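Dear colleague,

Please find the structure below, together with a short account of what was found in it.

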Amino acid sequence: MLDLDIKYLKFKTYLNTYCPYCHQSFNVETKDKKQLVLKAVFKGQETDLILSPYLDVFEVESSIPIETNEVLDDILCPECHKSLISKEICCGECGSPVGHVIISALSRLIPFFICLKKGCEWHGLTKSDERKIKLKIPRQEMPEQDKTLRIHNHQEVPYGYTSELASLEAGRCLQCKAPKCVEGCPVDIDIPAFIKLMRENDFDGAAKKIKERNVLPAVCGRVCPQESQCEAKCILGIKDMPVAIGRLERFVADFERKMDLVKIPVIKNKTNKRIAVVGSGPGGLTVAADMALLGYSVTVFEALHELGGVLTYGIPEFRLPKSIVQFEINYLKELGVRFELNHVIGNILTVDELREHFDAVYIGVGAGLPVFMGVEGESLGNVFSSNEYLTRMNLMKAYRFPEYDTPMPKGNKVVIVGGGNVAMDCARTAIRTGSTEVTIVYRRSRHELPARLEEVHHAEEEGIKFKLLTSPVRYIGTDYNSLKAVECIKMELVEPDSSGRRRPVPIKDSNFIIECDSAIIAIGTGPNPIIFSTSPDLKRNKWGYIDANEKTMETSIPKVYAGGDIVTGSATVILAMGAGRAAANTMHKQLSKK
Amino acid sequence: MKEFGSVNDILEFAICQEQEAVEFYSDLASKMKIEAMRIVFNQFAQEEMGHKAKLLDIKEKGIYEVSSEIISDLKISDYLVKTPAANDMTYQEALVLAMNKEKSSFKLYLNLSERAPNAELKSLFLMLAQEESKHKLRFEIEYDDMVLKEN
């Protein structure tokens, strides 16, 4: 027998188009297309399988029809009548076993011919061919809960990739020498490196590679706007769809968790210096992890009774299961990070008191103050801020009232104002908790919707109505000051101004009424003033956010650092994490000097 | 309503209006609890001083023109509930206050242009209305970009 590396190589491997022993080419040159012809038996008849190295061409040269999505498990070797799928095949000339044929009938027919020769390099195919092949593999969709089922539960909508889908998707990566995707990642994850490990089926290694830069990969894989960050830079995206980096990140993080492969690093150089982190959101957790790994003693102060900040009170279960947030936080606990719940800094303890007891303080309290438009009737009963609505639903589990204490802010006809992810979260939560008609009202057009396309798509699938180019001008109440309708006005976008942005303006006399019994304002958030009430020296900008150095995250108070939404205004999880990392770097640098 | 007999009368009136605005914002700035808001209102006062200087220049040189440029009116302030000035105002409230103030001035000059006794005075009032409209738009754009970011 020949020395074959029978490791299941799949997409990591190389296509071979001639026998490596007798060097007889398998290729049938037809014009510009190289093809591999295999004799086979299909449905009891002899036939020629023509496999193109371009992978999307699969033909059976016979009159035997192949139905779409047919699982080709009865394609047999004409000699031994064994299945060709995942079976060794032999060179037609010399009889040497040279490879496997693996036929995948997932979303479409994608045949692979894989050489199993150890150390095998590309034969008969150039690098350019490799590139073309990869360009032909479609971006793999994630299986997800059926829309008719999911509106009746709070379980996560996408199921995530299977290992097969993840391998296929990882195979699309061109492994660029100067990868642009990394430039798009606020925490500099070595994206090509983790994908390379995935292609070698080393999912655990891939997870560890991500964790070198990101302590919350399962979270980021789910809620990061990759389409405007790493994936926006992917070269494949120029002509086709970019590599689904976020989905791959999610897959390996889930794999590591499910396979119980998480390893807690041993921290060798412990110091006696203490770090206080205010807020247990993504930025605070990043600072805590980074500093704990550097040997500092870290205490995180959380105002609420559960950890996770916006990941817990803001993002619904169907988009980010709380068990995943808890798992990631448990990793920090294992690292030795201490957590103090129900600690409102600015009230129970002041920033100055923290400075007395700790060597450095990081403020990452987010932007938790609701913002209202300022139109008439916003204080009527059943007009909620998205903060209140989502906190009641996600944190207080109001939808499980009376099992949980918080009554559910339910309406049959609900109007959501705003077009961001938070608005989508509110709308999709409302539809899951029994509201019969949920309408999103947004002042601009579909093109300007700030929510992720994926969230808009899911919302539409779930029956949420969109009233675009529409703005509320007044909330109308009953005699008992409870909401009964929203008066809206139609808008049009005028020509771009000097900023290049088209602005919405009301169309005269286009007012109309939407009857509803609940409204949720989801137009953005602002800084919560509590922490400043006892720290007047903490310099703020005109919007009330902390004035911190963009690179070092230092504030106007020595030893106090800040980052995330409380500095930038509401942004993304990963940007908050990036700020946390920058602050941790500065803290370590400065504390190491002493 | 005050009657205007000449271009100078109008410019004097407009200059006084700008000066009042300077004093209004400077007074607010001195009352603010937060430093950043003190700076904001001082900046508003500075902007009004700039407007006043522009009018003084027109008065001195006697040259002005009504631009054909159409100034967008986002009409944001039309639907906002007015909030009284207070020493703990947020920047959002400050913008609403400023938008409403500029809108009032715009309406005043527009009304005066309609009542103007001759074409020369009418065009001057229109120029002043246009200026106020520009000032309002500057606040509306900031409100649109920051407060109504996700709306």
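In which hand does helix 14 of chain A pass helix 15 of chain A? The crossing is left-handed, that is, the near helix is turned anticlockwise from the far one by less than a right angle.

This is a predicted model, in which local features need pLDDT of at least 70 and side-chain atom pairs count only at pLDDT 80 or more, while totals for chains, interfaces and linings use all residues. Residues are numbered from 1 along each chain as written, chains are lettered from A and ligands numbered from 1 in the order written, and side-chain values use heavy atoms, without hydrogens and water.

The axes (lines fitted to C-alpha atoms over the stretch in contact, with angles from 0 to 180 degrees between N-to-C directions) of helix 14 (residues 421-432) and helix 15 (residues 453-461) of chain A come within 10 Å and cross at roughly 25°. Helices here are DSSP runs of H or I, at least four residues, numbered from the N terminus. Contact (heavy atoms within 4.5 Å) involves Asn421(A), Met424(A) and Arg428(A) of helix 14 and Glu455(A), Val456(A), His458(A) and Ala459(A) of helix 15.

Between chain A and chain B, 32 residues of chain A are in contact with 26 of chain B. The two chains bury about 2500 Å² between them (accessible area, 1.4 Å probe, lost on being put together and summed over both).

Chain A averages a pLDDT (the predictor's confidence in each residue, from 0 to 100) of 83.

With kind regards

Conventions. Helix = DSSP H or I, 4+ residues; strand = E, 2+ residues; numbered from the N terminus.
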